Amino acid sequence: MDLQKQPQQQDTAPRAATPEVVELRASDADRDRIADILREALAEGRLTPDEHAERVEGVLAAKTVGELEVFVRDLPVAHRRAAPSYATDRPTPGAVPAEPDDNVVAVFSAAVRKGRWRAGRRIHAYSIFGSVEIDLSEAIFEYQQVMIKVVSVFGDVQIRVPENVSLRGTGGGVLGNFDVDNLDAEDPEAPVVYVDGWAVLGNVEGRPKRGKLVADIIDRVQRKVDKNLRKHLGR
């Protein structure tokens, strides 16, 4: 399930902006969020291709948050508020296998998983006098729940996730540091990443990577757009 660009507040719908917010300069993430809403409206048939193209052009030229909101004001998504989806502290029984799909091991060395890769249900990371980087910010999530089991002994493990997933950490440090941010996604179908383990005279950190969001929802919307266009063209 791949989720992509939304703003840092992670709403699937834009909230009613206060006068101060309306005057704020729009960021690239703000423009991407509105463009995603317009793409979905096109897929649902709420906008014609010409209307969609005209609004996207306006989104790219918009300077403030208030100017952006004009382009989705007449769409249902502008009047909805998503409620946070609070993830449990542990995976659903049976959702994650006992055996790992992937082992990331660094012994007096460095090991990295990053870029466009498929995240399994269970990943084991071992850092012994080494460093491990697991970057899920551009990963393809094929499963809704992902467990990362970590052991760091005189080592360092850095875990980065898209900012619109849920993140939970269960573990501790023995003369070391175990620090995992607690995140709750707005989308109830968003992936949940669980980090479980120990840092023994070492370090384990789990953080969101700002500006990086799961992209699968966008892929799904694009497939709808393509399907509707093919239907419209009679193919």
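Start by selecting residues 156-162 and 203-209: these are strands β8 and β12, which run parallel and are joined by seven bridges. At the end of that selection, look for Pro-162, which sits opposite Lys-209 of β12. A word on what you're viewing: this is a predicted model, where local features need pLDDT of at least 70 and side-chain atom pairs count only at pLDDT 80 or more, while totals for chains, interfaces and linings use all residues. Residues are numbered from 1 along each chain as its sequence is written, and side-chain values use heavy atoms, with hydrogens and water left out.

Strands here are DSSP runs of E, at least two residues, numbered from the N terminus; two of them pair if DSSP finds at least two bridges between them.

Now widen the view to the open five-stranded sheet, ordered β2-β5-β8-β12-β10 with parallel pairing. Color β2 (110-113) and β10 (177-180): they're the edge strands with a single partner each, so one side of each has no neighbour in the sheet.

Next, pick β4 (122-128). Parallel to β4 runs β1, paired over six bridges, with Ala-106 opposite Ser-127. Seven bridges also join β4 to β7, again parallel, and there Ile-128 has Val-153 as its bridge partner.

Technical notes:
Helix = DSSP H or I, 4+ residues; strand = E, 2+ residues; numbered from the N terminus.
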